[in-house]
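Me: I am new to this structure and would like to understand how its descriptions are reached. Could you show it to me, and then let me ask about the terms in turn?

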Amino acid sequence: MSTALSAKNTKMAIIYLIGGGSFYGISALLNVYVLTLLPYSVVFPLTSITYVWTLLFGYFLLKEKVTVKQMIGCALIIIGCFIIANS
């Protein structure tokens, strides 16, 4: 059994790499744009919401298990974002 990636797996890896890089680039540009509208003290803490999206993505699309600690952590992040957004 070969440890090298097959041509199909290599192509998929490249697609995932380009896709992930593209999403990262888009999010960085959106972050810079939002910084023109809101103060850094508000925008930066709200970037922690990424952890919530990642958890939801993993649960619904990748069928990953979510622990109680992860749910509590996400709940605390969401509560903190509400507090920052309303202050």
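Me: How many aromatic pairs does the structure hold?

Reply: The structure, which is a predicted model, holds two aromatic pairs, where rings of Phe, Tyr and Trp (its six-membered ring) pair if their centres lie within 6.5 Å. In this model local features need pLDDT of at least 70, side-chain atom pairs count only at pLDDT 80 or more, and totals for chains, interfaces and linings use all residues. Residues are numbered from 1 along each chain as its sequence is written, and side-chain values use heavy atoms, with hydrogens and water left out.

Me: Why is the pair of tyrosine 40 and phenylalanine 44 called stacked?

Reply: Planes under 30 degrees apart count as stacked, over 60 as edge-to-face and the rest as tilted; the rings of tyrosine 40 and phenylalanine 44 have planes at 20° and centres 5.5 Å apart, so this pair is stacked. Tyrosine 40 and phenylalanine 44 are four residues apart in helix 2, and therefore about one helical turn separates them.

Me: What makes the pair of tyrosine 59 and phenylalanine 60 edge-to-face?

Reply: The planes of tyrosine 59 and phenylalanine 60 stand at 80°, with 4.9 Å centre to centre, and the pair is edge-to-face because that term applies over 60 degrees.

Me: Why does tyrosine 40 count as exposed, and why does tyrosine 59 count as partly exposed?

Reply: Buried means under 20% relative accessible area, exposed over 50%, and partly exposed in between (1.4 Å probe, protein chains only). Tyrosine 40 has a relative accessible area of 53% and is therefore exposed, whereas tyrosine 59, at 44%, is partly exposed.

Me: What is said of lysine 63, and why is it called exposed?

Reply: Lysine 63 is found in the loop between helix 3 and helix 4 and has a positive phi of about 60° although it is not a glycine. Its relative accessible area is 67%, and therefore lysine 63 is exposed.

Me: Why is glycine 73 partly exposed, and where is it placed?

Reply: Glycine 73 has a relative accessible area of 28% and so counts as partly exposed; its place is in helix 4. The C-alpha atoms of glycine 73 and tyrosine 51 are separated by 9.2 Å, although these residues are 22 residues apart along the chain.

Me: How many helices and strands does the protein have?

Reply: The protein has four helices and zero strands, where helices (H or I, at least four residues) and strands (E, at least two) are DSSP runs, numbered from the N terminus.
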